[in-house]
Amino acid sequence: MSGNESVLNVFIVDDEPPARTRLRDVLTDCNEALPLKIVGEAANGREALDKLVDMSVDVVLLDIRMPQMDGIELAQHLHKLQKPPVVIFTTAYDEYAIKAFELHAVDYLLKPIRKERLLESLSRAREAGPVQNEVLHELSPEPRKNLSSHERGKIHLIPIEQVLYMRAELKYITVRTADREYLIEESLSALEKEFSARFVRIHRNCLVAKDAIEGFVRGGEDSAESAGWMAKLKGLDELLAISRRQQHIVKEFG
Amino acid sequence: MNRGRSIKQNTMNEALPNFRNLGITLRILLISNGMALLLALSQANDWAEVMRHMLQIATLLTPILLSTWMLLWVMQPWLVQLSYWYGVLAVNVVVAAVTLFICYFGGELFNPLDSDNSSFSLARNMLLGVVVSSVLLTYFRLRTLALSSSVHDARLQVLRARIRPHFLFNTINAVLGIVRTQPKQAETALEDMADLFRMAMSDARDLVPLQKEVQLSRQYIALEQMRMGERLQVDWQLQDLPEDALIPQLLLQPLLENAVYHGIEPLHQGGNINVKLSRNGEELRLVVKNPCLPSGEWSHRGNKVALQNIRERLHLLFDAEAHYQVERGKDFYRVEISLPYLRVRPKLKERSA
């Protein structure tokens, strides 16, 4: 990198090897017009997150349609990085995504990518800055498959189907799986909206996975706030309080 | 398609029904018995009488129907060579002759209650027979006309949907990716693409040799493997396939494309597609089975146009003689198609009506 500020550090994410080769070729062709460096590449979202955590990257060229985790979800996790890179999405054909991108004025490249078009996007990238998280949410037709938590210089992916409950505590949200807890910085109501198919609110500060509910027990304090019912989750000893307002849950899932 | 045989022929719109076709036979039975029931209804004064009349008609109708059908079955190769109106004449002559024969010689046997062999009764039965057969022929003619235009419509729709744009652009991109380092492979890939699109743009009513469709499907898989590498594996089980078998073109390839797009691509570690083609007597069986994400994680965004097209085409081409079955397991998807075994040089060309 030689401390040269004007050199653009580019990272490639695409699950198809020939597509990555193609991007390398075109980027090399762009090098004359715009000094850049290909600092790495990854074949899937998880690999990309692991590598990008220790890297200083300006631009990530990111394929939308990938197995396991699509490009839009990966872009949301990239926001957890110390210095989130600018993401330029690439796709061969995806009517839905392209419409959404146009609507939100998000930059994307159509494969096969032309050198001129790539140059245009790259030279705009620095001023443009990363796409806002709220916009990314709207680009995605489906909920994320993972939550992500930045912890001691590493980004942990938490598969959503492993999450038993999410509880708001002061600044953070505690995400509980059968094994351990993670802290994430998101809003509980946004999470409730995104994962409404999988989670149900049992308390002002708590969402519980519907599949994880094992039963309900009487107990806990009987106050204005609490109905005196507690939820028991599979694989957890801890009991979770159900608020008076959400008492109907006991009937629905009991 | 010069090499493929076609079910479309000049006389497609003006063709007699294929009397050896199961669907046609069932329709003939249903419609003529329906007409008999109407006749019985119109003569009767109460329900019991309807039954009696119906039985009476059926005892005469059934032998006539069966003998006519058997004769036509035997005559079928000869009938297709006639022009349409001569064909109609021939069928009506057969019907009249059979009716006359059975009423004259078997009238007493089949219809003891009404056994006057007066010339009026003979003429009336013959006339009724010819009217019924003309109604049936008109019905089949109209049906063929209706279907041939919907084949056309289906084909237009299919042309857009059969090869996914997703596949086209990704493949072009992949070819560009290898063209600098592996120009030879890039050439082969472009040749394969040309074959595939040539097929996709030809007439959807064409029948092609089974071997050719298999070859094309292999080319398609080679293209996908160029993109996906090791993640895509295909296990071909082709047990003593008849060399002379014909199938509708692009029947197998879209099934594979579906298996790749909805099955293998979303799987991180990829998977193995099972293709099994076999012959069972007069029937060809195609089975494509692929692993896929468990139902919950499965995105339903992909449309089902490809499979609907195949189902529709099979119905148009083979009517009741082709079967189509889909099984969606917890983590697999399986499509099974069975269709009549057609040979390369069939004297009678298969058509649905």
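A residue counts as buried here if 20 or more other C-beta atoms lie within 10 Å of its own, with C-beta atoms placed from the backbone. By that criterion, 39% of the 254 residues of chain A are buried. For chain B, which has 353 residues, the share is 32%. The model is a predicted one.

**Chain A**

The mean pLDDT of chain A is 89, and 95% of its residues reach 70 or more. Within chain A, strand β1 (residues 8-13) has the highest confidence, at a mean of 97, and strand β14 (residues 226-233) the lowest, at 82. Where pLDDT is low, predicted coordinates should not be read in detail.

Chain A contains 8 helices and 15 strands. Its C-alpha trace spans about 70 × 40 × 30 Å along the principal axes. Of the contacts in chain A between residues at least 6 apart in sequence, 54% join residues at least 24 apart.

Two domains are assigned in chain A: domain 1 covers 8-139 and domain 2 covers 146-253. Their centres, taken over C-alpha atoms, are separated by 34 Å. Domain 1 of chain A gives 6 residues to the contact between them, and domain 2 of chain A gives 7 residues. On the domain 1 side of this contact, 3 residues are nonpolar, 1 is polar and 2 are charged.

**Chain B**

Chain B has 9 helices and 9 strands. Among its contacts between residues at least 6 apart in sequence, 78% join residues at least 24 apart.

| Helix | Residues | Number of residues | Reach | Expected at 1.5 Å a residue |
|---|---|---|---|---|
| α1(A) | 17-30 | 14 residues | 20 Å | 20 Å |
| α1(B) | 22-43 | 22 residues | 32 Å | 32 Å |
| α6(B) | 183-200 | 18 residues | 26 Å | 26 Å |

In α1(B), the buried residues are B:Ile24, B:Ile28, B:Ser32 and B:Ala36. These residues lie on the same side of α1(B), because they cover an arc of only 100 degrees around the axis. An α-helix has 3.6 residues a turn, so residues three or four places apart point the same way. The other side of α1(B) carries the exposed residues B:Leu26, B:Leu30, B:Gly34 and B:Leu38.

Helix α6(B) has a buried set made up of B:Ala189, B:Asp192, B:Leu196 and B:Met199. Viewed down the axis of α6(B), the buried residues fall within an arc of 85 degrees, so they line one face of the helix. Among the elements that cover the buried residues of α6(B) are α5 and α7 of chain B. On the face of α6(B) turned away from its buried side, the exposed residues are B:Pro183, B:Lys184, B:Glu187, B:Glu191, B:Ala194 and B:Arg198.

In α1(A), the buried residues are A:Pro18, A:Ala19, A:Arg20, A:Thr21, A:Arg22, A:Leu23, A:Val26 and A:Leu27. Their cover includes elements of both chains: β1, β2 (36-42), β3 (59-63) and α5 (115-128) of chain A, together with α5 and α7 of chain B.

**Contact between the chains**

The contact between the chains involves 21 residues of chain B and 16 residues of chain A. On the chain B side, α5 (165-179) and α7 (210-228) each supply at least two residues. Helix α5(B) provides the largest share of that side, 10 residues. By type, the residues of chain B that touch chain A divide into 10 nonpolar, 7 polar and 4 charged.

Leaving aside neighbours within four places in sequence, A:Pro18 is in contact with B:Ala174, B:Gly177, B:Ile178, B:Met226 and B:Arg227. A:Pro18 counts as buried because it has 26 C-beta neighbours inside 10 Å, where the cut-off is 20 or more.

How values were computed. Residues are numbered from 1 along each chain as its sequence is written. Chains are lettered from A and ligands numbered from 1 in the order in which they are written. This is a predicted model: local features need pLDDT of at least 70, side-chain atom pairs count only at pLDDT 80 or more; totals for chains, interfaces and linings use all residues. Two residues are in contact if their C-beta atoms, placed from the backbone, lie within 7 Å. Helices (H or I, at least four residues) and strands (E, at least two) are DSSP runs, numbered from the N terminus. Ala, Val, Leu, Ile, Met, Phe, Trp, Tyr, Cys and Pro count as nonpolar, Asp, Glu, Lys and Arg as charged, and the others, Gly among them, as polar. The expected span of a helix is 1.5 Å times one less than its number of residues. A residue is buried if 20 or more other C-beta atoms lie within 10 Å of its own, exposed if 12 or fewer, and partly exposed in between; C-beta atoms are placed from the backbone. The arc is that of the directions from the helix axis to the C-beta atoms. pLDDT is the predictor's confidence in each residue, from 0 to 100. Domain bounds come from an automatic or database domain assignment.
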